[in-house]
Amino acid sequence: MQLGKNIQKFRKKAGLSRDKLAFKCGGKFTGLHLMRVENGSVKNPGIELVKTIADVLNVSVDDLLK
């Protein structure tokens, strides 16, 4: 799945660490959980998490799912 790689790509493009992105997402998840999403350990992170990350990174959910 490309989701994790796309999150990582857009996160790095925004100049954010995993912990900083987690913080900007309102603490809905931790940097450790985000690492697991990015490396594919979390197979179904949930649409709420994906939508929150997309909003903070100022990209569409579709961009993350491509």
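Predicted model: local features only at pLDDT ≥ 70, side-chain atom pairs only at ≥ 80, totals over all residues.
**View 1. The end of helix α1.** Here Gly 15 comes after α1, and its phi is positive, near 75°.

View 2. Let's turn to α1 itself, which spans residues 3-13. Its buried residues are Leu 3, Gly 4, Asn 6, Ile 7, Phe 10 and Arg 11. Because these residues cover an arc of only 165° around the axis, they lie on the same side of α1. A handy reminder: an α-helix has 3.6 residues a turn, so residues three or four places apart point the same way. Exposed on the other side of α1 are Lys 5, Lys 12 and Lys 13.

**View 3. Where α1 meets α3.** The axes of these two helices are 7 Å apart, and the packing angle is about 125°. That angle makes α1 oblique to α3. From α1, the contact uses Gly 4, Lys 5, Ile 7, Gln 8 and Arg 11, while α3 brings Leu 34, Val 37 and Glu 38. Sorted by class, the contact of α1 with α3 holds 3 nonpolar, 2 polar and 3 charged residues.

**View 4. Where α1 meets α4.** In this pair the axes cross at roughly 25° and come within 10 Å, so α1 and α4 are roughly parallel to each other. Their crossing is left-handed. Leu 3, Ile 7, Phe 10 and Arg 11 of α1 meet Val 50, Ile 53 and Leu 57 of α4. This contact of α1 with α4 comprises 6 nonpolar residues, no polar ones and 1 charged.

Technical notes:
Residues numbered from 1 in each chain as written. Heavy atoms only, no water. Buried < 20%, exposed > 50% of the residue type's maximum accessible area, 1.4 Å probe, protein only. Helix = DSSP H or I, 4+ residues; strand = E, 2+ residues; numbered from the N terminus. Arc of directions from axis to C-beta. Axes fitted to C-alpha atoms, helices over the stretch in contact; angles between N-to-C directions. Parallel < 35°, antiparallel > 145°, perpendicular 65-115°, else oblique. Contact = heavy atoms within 4.5 Å. Nonpolar A, V, L, I, M, F, W, Y, C, P; charged D, E, K, R; others polar. Left-handed = near helix turned anticlockwise from the far one by under 90°.
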